[in-house]
Amino acid sequence: MRILMLGNSFTSTNHMPQMLAQLTRAEVVCHTRGGARLSEHLNPATRLGARTQAALREEQWDYVVLQEMSNGPVTSPKRFFSSVEALCKLIVQNGAVPVLYATWAYQKDGAKLAAVGMDYEEMYHRMHDAYHQAAEQNHALIADVGQRFYTLSESRNLYGADGVHPNELGSEIAAETIAEVILHRQEGRV
């Protein structure tokens with residue numbers, strides 16, 4: 001099994017692709033750049049976009065995991081939905097299954113959360129709704145890591161020092177959630 005991960009530091013932090021590879025026993029290839037949006041993966045004029053376009057055109061994948069810039073689904077929803085739609089079409093043409101890696105609200109009461117002008121509940125619900133809508137519209141699987149963070153963050157620290165990125169436990173939970181969705185699909189349960 002081959003998995004391509006498209007995203008940014010939320011995807012690559014704490015060696016999360018290696019965690020996913022271990023959990024799924026798959027070859028996992030990661031195309032990331034800190035702060036990258038999914039739209040960059042569509043732009044062949046950028047190094048990341050050219051690499052992603054070539055990978056989707058010239059290589060065979062079983063799953064392609066999509067992760068938007070941390071607040072992109074709520075601060076730039078049109079760009080988010082458009083990028084997911086275009087990438088899902090390319091992924092399906094490749095013969096692969098798209099998986100949306102739904103990320104989380106920033107840490108409750110953190111400075112970064114205040115900077116985006118939302119409280120924790122609002123950011124969580126808006127992120128959740130955007131990712132689920134995009135998955136439904138594009139017949140993509142969804143790995144709802146944001147929901148796992150929402151459920152577990154009261155009892156466990158899942159955030160890095162910046163209140164935005166995951167700490168190692170947060171990355172483990174992300175990898176486990178993505179792996180679970182892929183393995184269930186492989187077993188015919190999704």
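**Helix packing and the core**

H9 and H10 meet in a right-handed crossing. Note that this is a predicted model. The axes of H9 (residues 145-152) and H10 (residues 168-186) come within 9 Å, and they cross at roughly 135 degrees. That angle makes H9 oblique to H10, because only values over 145 degrees would count as roughly antiparallel. From H9, the contact uses Val145, Arg148, Phe149 and Leu152. From H10, Gly170, Ile173, Ala174, Glu176 and Thr177 take part. By class, the H9 and H10 contact holds five nonpolar, two polar and two charged residues.

Now the second packing. H6 (residues 77-94) packs with H8 at an angle of about 30 degrees, and their axes are 10 Å apart. The two helices are therefore roughly parallel to each other, since the cut-off for that is under 35 degrees. The crossing of H6 and H8 is right-handed. H6 supplies Phe80, Phe81 and Val84. H8 meets them with Ala130, Tyr131, Gln133, Ala134 and Gln137. The H6 and H8 contact counts six nonpolar and two polar residues, with no charged ones.

Next, the core. The largest nonpolar core has 61 residues. Ile3, Met5, Val64, Leu66, Tyr101 and Ile178 touch the most other members. H8 (residues 120-137) gives the most to this core, with eight residues. In soluble globular proteins, nonpolar side chains tend to be buried together.

Ile3 is worth a look in the viewer. Leaving out residues up to four places away in sequence, Ile3 touches Leu20, Thr24, Ala26, Glu27, Val28, Val29, Trp61, Tyr63, Val65 and Ile182. One of these, Ile182, falls within the residue range of H10.

Finally, two loop residues to check by eye. Most residues other than glycine have a negative phi. Asn14 has a positive phi of about 60 degrees, and it is not a glycine. Asn14 sits in the loop between H1 (9-12) and H2 (16-24). Asn14 is partly exposed, with a relative accessible area of 26%. Asp109 also has a positive phi, near 65 degrees. Asp109 lies in the loop between strand S4 (97-102) and helix H7 (111-115). Its relative accessibility is 73%, so Asp109 counts as exposed.

Conventions. Residues numbered from 1 in each chain as written. Predicted model: local features only at pLDDT ≥ 70, side-chain atom pairs only at ≥ 80, totals over all residues. Heavy atoms only, no water. Core = buried A, V, L, I, M, F, W, Y, C linked by side-chain atoms within 4.5 Å. Buried < 20%, exposed > 50% of the residue type's maximum accessible area, 1.4 Å probe, protein only. Helix = DSSP H or I, 4+ residues; strand = E, 2+ residues; numbered from the N terminus. Contact = heavy atoms within 4.5 Å. Axes fitted to C-alpha atoms, helices over the stretch in contact; angles between N-to-C directions. Parallel < 35°, antiparallel > 145°, perpendicular 65-115°, else oblique. Left-handed = near helix turned anticlockwise from the far one by under 90°. Nonpolar A, V, L, I, M, F, W, Y, C, P; charged D, E, K, R; others polar.
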